[in-house]
Amino acid sequence: MEFVIEKKKIDKWLDDLKKDFKVIDIRGKALPAKQYFLPPKQKTFVFNKKTKKLSCPEYKKEFLVFGLGLADLEAMTQLDEIMEKPYSDFFYWQKRNKSLIIGLVDESIEVAPGGDVILEKITDQQYRALILTDKGKAIIKDEFFDKKDKPSIKNYPQPDNPFKRMLLDSELLAEAVKWSLNHKIWDKLGEQCLGCGICTYVCPLCHCFSIEDQVSLDNKECSRCRQWDACTLPEFSKVAGGHNFHKTIKQRYYNWFYHKFVRAYHEYGKSQCVACGRCRENCPAGIKISEVLKEIVDDYKKHLSAI
Ligand code: SF4
Ligand code: SF4
């Protein structure tokens with residue numbers, strides 16, 4: 001039995017869900033869904049000077065993030081894994097456990113990449129619900145979904161994406177990026193990159209943060225906050241005493257790649273990239289990660305064949 005919703009009923013369904021959840025519709029938003037679970041800035045605990053007590057802000061409200069595409073659903077599944085292994089991230093899971101994730105996908109799905117429910121386009125006017133969790137099952141209401149034994153299903157092929165294809169061989173990417181440490185491309189990118197950190201902020205998988213203590217203006221409380229950080233920023237690798245492990249942009253940009261394609265492969269068995277394209281679209285220097293990777297992989301293959 002399939003649950004099918006008419007395209008025109010989707011917004012009505014979302015309005016109905018607002019009775020029980022805070023609904024966040026991310027269709028057309030530039031920042032990825034990670035911002036709702038790992039916010040750009042977040043208090044981890046607060047010290048009250050008068051009561052001398054520590055408190056930890058607690059997140060209680062259930063919320064629902066709607067409108068993730070295939071790449072973003074895959075990124076959320078990977079981010080869950082990163083935030084669980086090797087240590088479970090309390091603040092991330094506090095929000096994640098209160099949330100539901102609903103995908104909206106206009107292409108035919110071969111393997112559901114994650115989320116609680118995915119609405120998959122099956123005709124120009126209809127989507128079927130792929131229900132992946134019990135929480136997802138609970139929000140599929142008869143009022144909005146028709147039960148059908150064999151709905152008509154059209155094929156909407158996913159557009160061919162050579163970058164995505166390249167990501168399938170994460171072992172090769174890990175070897176190639178590791179090998180490329182002395183490749184001339186990093187000199188070129190060291191001059192081209194502005195070290196602005198935007199690629200990291202917009203990436204659905206970058207998750208590095210820094211910790212900072214802040215005192216309120218009235219001096220009544222002190223909060224420990226964590227906030228997004230980016231390995232391309234100059235202060236990222238600076239340690240006590242002033243030593244900076246990655247002084248140059250070239251070193252920092254290589255480190256971004258190393259983390260995504262080498263360390264991630266060794267720690268999680270895959271690259272931390274889902275080819276969403278946000279870093280390319282938002283880079284003020286016009287750097288295209290897919291082209292950088294292609295050049296490295298092509299040269300690595302030439303190097304292997306010359307041995
Ligand atoms: S394409 Fe860029 S922004 Fe998107 S997942 Fe890959 S590295 Fe992150
Ligand atoms: S967005 Fe572009 S310019 Fe900014 S740090 Fe990333 S690669 Fe460099």
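Hi everyone, let's start with a group of rings: Trp186, Tyr253, Tyr254, Trp256, Phe257, Tyr258 and Phe261 form one aromatic cluster. For pairs, the rings of Phe, Tyr and Trp (its six-membered ring) count if their centres lie within 6.5 Å, with planes under 30 degrees apart called stacked, over 60 edge-to-face and the rest tilted.

A quick word on the source: this is a predicted model, where local features need pLDDT of at least 70 and side-chain atom pairs count only at pLDDT 80 or more, while totals for chains, interfaces and linings use all residues. Residues are numbered from 1 along each chain as its sequence is written, chains are lettered from A and ligands numbered from 1 in the order in which they are written, and side-chain values use heavy atoms, with hydrogens and water left out.

Back to the rings. By the pairing rule, the count comes to 16 aromatic pairs. One of them is edge-to-face: Trp186 and Phe257, at 5.2 Å centre to centre and with 70° between the planes. This pair links distant parts of the chain, since Trp186 is in helix 7 (residues 185–192) and Phe257 is in helix 9 (residues 249–268), 71 residues apart. Helices here are DSSP runs of H or I with at least four residues, strands are runs of E with at least two, and both are numbered from the N terminus. Are Trp186 and Phe257 buried or exposed? Both Trp186 and Phe257 are buried, where buried means under 20% relative accessible area, exposed over 50% and partly exposed in between (1.4 Å probe, protein chains only).

Tyr201 and Trp228 make a stacked pair, 6.0 Å centre to centre with 25° between the planes. Here too distant parts of the chain are linked: Tyr201 belongs to helix 8 (residues 198–202) and Trp228 to strand 11 (residues 221–228), 27 residues apart. Tyr201 is partly exposed, at a relative accessible area of 26%, whereas Trp228 is buried, at 12%.

Next, charges over rings, meaning NZ of Lys or CZ of Arg within 6 Å of the ring centre and within 35 degrees of the ring normal. Arg96 lies over the face of Phe37, 5.5 Å from the ring centre. Over the ring of Phe209 sits the charged end of Arg226, 4.5 Å from the centre.

Now the ligands. A residue is near a molecule if one of its heavy atoms lies within 4 Å of it. Around ligand 1 we find residues including Phe163, Cys203, Trp256, Lys260, Cys273 and Ala275. That shell divides into ten nonpolar, one polar and one charged, taking Ala, Val, Leu, Ile, Met, Phe, Trp, Tyr, Cys and Pro as nonpolar, Asp, Glu, Lys and Arg as charged, and the others, Gly among them, as polar. Which residues come nearest to ligand 2? Of the 13 around it, they are Cys193, Leu194, Cys196, Cys199 and Cys283. The shell of ligand 2 has ten nonpolar residues, three polar and no charged.

Ala275, from the ligand 1 shell, has a positive phi of about 60° although it is not a glycine. Ala275 is in the loop between helix 9 and helix 10 (278–282), and is buried, at 12% relative accessible area. Asn219 also has a positive phi, near 65°, in the loop between strand 10 (209–215) and strand 11. Asn219 is partly exposed, at 42%.

Pro86 is in the loop between helix 2 (70–82) and helix 3 (90–96).
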